[in-house]
Amino acid sequence: MSQLPDLVIAHGTVVNSFGRQDAHVVVDGGRIIELIDATEPVPAAVRTVEAVGQLVIPGGVDGHCHVAQVTGRFRTLDDYRTTSTAALWGGTTTIIDFGIPRDAQETPLDAVLNKKRLAADSRCDVALHGAVVTWDETVPWQLEQLAAEGVRSVKMYTTNRGSTMADGDTVLKVMREMVRLDGLTYIHAEHDAIITDCTEQHASDGLIGIEHLHRTRPELAEEVSVKETLAMAEYTGAPVYFVHQSTPGAVDLVTEARERGQEAYSETCPHYLTLDDTVYGSAFPEWYACCPPMRSAETVAALKDRLAAGAIHTVSSDHSCYDLSQKRERTDDVRYMPHGLPGVETRMPVSFTALVSEAGGSVEDFVEVFSAGPARINAVPRKGAIVEGFDADLVVFDPVKQQTVDGGALHMGTDFSPFEGKTLNGWPAVVVSAGRVVLDGDGFHDPGPVGRFVARNGFTEHRDSLAVPVSTLTL
């Protein structure tokens, strides 16, 4: 080595999803260039971070974020600078946002290109999902253009008629195109007819305020939609990824499909692992307006069991940054409220507490759902593992650090957190993004708009490239 490397993280216990080792991590030019056994001398570097007695894990990959999202007349209050800063505070070094058409005039391609322009202000790396609402003869060409841009997944909603909902014909046709383009189909699965009817019944009975949200969107609606979507994915041969699954029944349907040989994946979110539907009887039920809603305590416990058993593949934030003034405009009618919760910054401690502290999972299990799984399933190159040649996205992680959530002290651009007052385990001590130390004991060091747009690989292309396990690349 002709000159000193930029950074060494010394004497830490490096934890990947496939195992751990005591090592010095050597970083130069934004990449991990070497792992050296911790019994060897620490190599000289421009900067050395001591991690003795602490864990070093891959930077988080949050596969489900909504940044500067417009839904009807509501717009989330964040931008890429705010959300990426909050992500880094929370140990997440890559976010994947959505380009969702705002209306019938904005095409799927335009929606993504607009988001890509905005992402130039990001402090961390950014990838994007596309979205299709309505099928027309231009959609195949638009999806080809998205794939050429490195956008290799498309989200569709099976509910929200009149706004973002894609009908069954559209879902099936897009799935077929995604197979052709080696992409991944993302699905928000709730059965629209059931939800619409249930909501109208509650409205006619005068039970449509936020305190009744969980009753208007039953578990059955989610599970029926998952089952129907899996059938279309089986018919077309399309890999399919279900966002924010909130019931064990939905997860079990995906597990059964995988046992039949389908490429199907389950995502859940921190709030579905830790909050139950009693929150809608609390003093501030508007803090928990999201779709799907929180479920019963029994459902939450069973969902956590599925996570600990490895049946859930990723934990993503579904970050949506509205504030309380927006939430409180129409607490009298859930049909007109903005739904979604801020969570990109708290994903690490909430997920770690649920999986490891409460459900008995290992740190390796946590790394899988927090970083490695999202990177692998979403075909994000050089992310999700601490191995030579991968991006130097690293977290010196303190699994025993406890901290009580104070929504006002977080950095997400809103004035609340659904986890307010909860004491959580597992917070970042040092965060390294693309080889830069952006968080340490002295606080946050804003790197400026240095986040890169990450072009993703094709789904099977990426999967096949990992035929040699990443674990064989370590010491």
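Select His244 to start: this residue is found in the loop between strand 13 (240-242) and helix 8, where helices (H or I, at least four residues) and strands (E, at least two) are DSSP runs numbered from the N terminus. His244 has a positive phi of about 35° although it is not a glycine, and it is buried, with a relative accessible area of 2%; buried means under 20% relative accessible area, exposed over 50%, and partly exposed in between, with a 1.4 Å probe and protein chains only. The model is predicted, so that local features need pLDDT of at least 70 and side-chain atom pairs count only at pLDDT 80 or more, while totals for chains, interfaces and linings use all residues. Residues are numbered from 1 along each chain as its sequence is written, and side-chain values use heavy atoms, with hydrogens and water left out.

Next, select Leu253, which lies in helix 8 (residues 248-259) and is buried at a relative accessible area of 17%. Not counting residues up to four places away in sequence, Leu253 touches Glu223, Val226, Lys227 and Leu230, contact meaning heavy atoms within 4.5 Å.

Now display helix 7 (residues 219-236) together with helix 8: they pack at an angle of about 15°, with their axes 8 Å apart. The axes are lines fitted to C-alpha atoms, for helices over the stretch in contact, and angles run from 0 to 180 degrees between N-to-C directions. Helix 7 and helix 8 are therefore roughly parallel to each other, since angles under 35 degrees count as roughly parallel, over 145 as roughly antiparallel, 65 to 115 as roughly perpendicular and the rest as oblique. To see the contact itself, show Glu222, Glu223, Val226, Lys227 and Leu230 in helix 7, which meet Gly249, Ala250, Leu253, Val254 and Ala257 in helix 8. By class, this contact has six nonpolar, one polar and three charged residues; Ala, Val, Leu, Ile, Met, Phe, Trp, Tyr, Cys and Pro count as nonpolar, Asp, Glu, Lys and Arg as charged, and the others, Gly among them, as polar.

Move to Pro292, in the loop between helix 9 and helix 10, where a cis peptide bond joins Cys291 and Pro292 with omega at about 0°. In helix 9 (residues 270-274), select His271, which is buried, with a relative accessible area of 4%, and which touches Cys290, Met294, Ser317, Leu341 and Phe419, residues up to four places away in sequence not being counted.

Then go to His129 in strand 10 (residues 125-131), which is buried with a relative accessible area of 0%. Leaving aside neighbours within four places in sequence, His129 is in contact with residues including Gly63, Asp97, Val112, Tyr186, Asn378 and Arg456.

Finish at Asn160, in the loop between strand 11 (153-157) and helix 4 (168-180). Asn160 has a positive phi of about 75° although it is not a glycine, and at 27% relative accessibility it counts as partly exposed.
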